[in-house]
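Here is a friendly walk through one protein chain, from its overall layout down to single residues. Take a look at the sequence and the model first, and then read on.

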Amino acid sequence: MNYSELVSKTVVDRNGKKLGKIIRIDSITEIGKKQGTSYAIIQIPRFLRKDCKFPLPLISQDQIVNQDENILLNITKANFSEMVKRYETERKVKAKTAKLSKVSEKDAATAAALWARW
């Protein structure tokens, strides 16, 4: 299946409820593997909040059914929402535990000097 056909189609669950829209397809290859995993990046609209972008791995062709303008996923909206929440919490934990590099004294002095001019 050519995954580029899925771009800009609406994603619905098995009951016909709208989940989001596919905005792009990413293919990620790991070191030492010949084939990579394809991810459908789904943009999930939210009321009064910033839209969420969720990467859905496209492992098997049985999980999706390509209809006219919709993509039918073989899961319910509750399961999909749970997957999105788990993904967001994992991202937050990774961001909080990330070790940031220290700024050198030369770079700090340069930034302070440039900032003082304005």
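## Overall layout

The protein chain has two helices and six strands, where helices (H or I, at least four residues) and strands (E, at least two) are DSSP runs numbered from the N terminus. Along the sequence, the order is β-β-β-β-β-β-α-α. With a radius of gyration of 20 Å, well over the 13 Å that the globule rule gives for 118 residues, the protein chain is more spread out than a compact globule. That radius is taken over C-alpha atoms, and the globule rule is 2.2 Å times the number of residues to the power 0.38. Taken along the principal axes, the box filled by the C-alpha atoms is roughly 60 × 45 × 25 Å.

A word on the basis of all this: the model is predicted, so local features need pLDDT of at least 70 and side-chain atom pairs count only at pLDDT 80 or more, while totals for chains, interfaces and linings use all residues. Residues are numbered from 1 along each chain as its sequence is written, and side-chain values use heavy atoms, with hydrogens and water left out.

## Surface, contacts and charge

Of the 118 residues in the protein chain, 20% are buried (under 20% relative accessible area; exposed is over 50%, partly exposed in between, with a 1.4 Å probe and protein chains only). The accessible surface comes to about 9500 Å², and carbon and sulfur atoms hold 52% of it; these areas come from the Shrake-Rupley method with a 1.4 Å probe, and for residues only the protein chains shown count as cover.

Among contacts (heavy atoms within 4.5 Å) with a separation of 6 or more, 41% link residues 24 or more positions apart. The chain carries 23 positive and 13 negative side chains, and the centres of the two sets lie 6 Å apart. Lys and Arg count as positive and Asp and Glu as negative, without His and the chain ends; each charge is placed at NZ of Lys, CZ of Arg, CG of Asp or CD of Glu.

V12 has K18 in β2 as its bridge partner. The two strands form a hairpin with five residues between them, and G16 in the turn has a positive phi of about 90°.

β2 also runs antiparallel to strand β3 (residues 37-44), joined by seven bridges. Here I22 stands opposite I42 in β3.

## A95 in helix α1

A95 sits in helix α1 (residues 77-97). Is A95 buried or exposed? A95 is exposed, with a relative accessible area of 57%. P55 lies 40 residues from A95 along the chain, and their C-alpha atoms are separated by 17 Å.

Key
Pairing = 2+ DSSP bridges.
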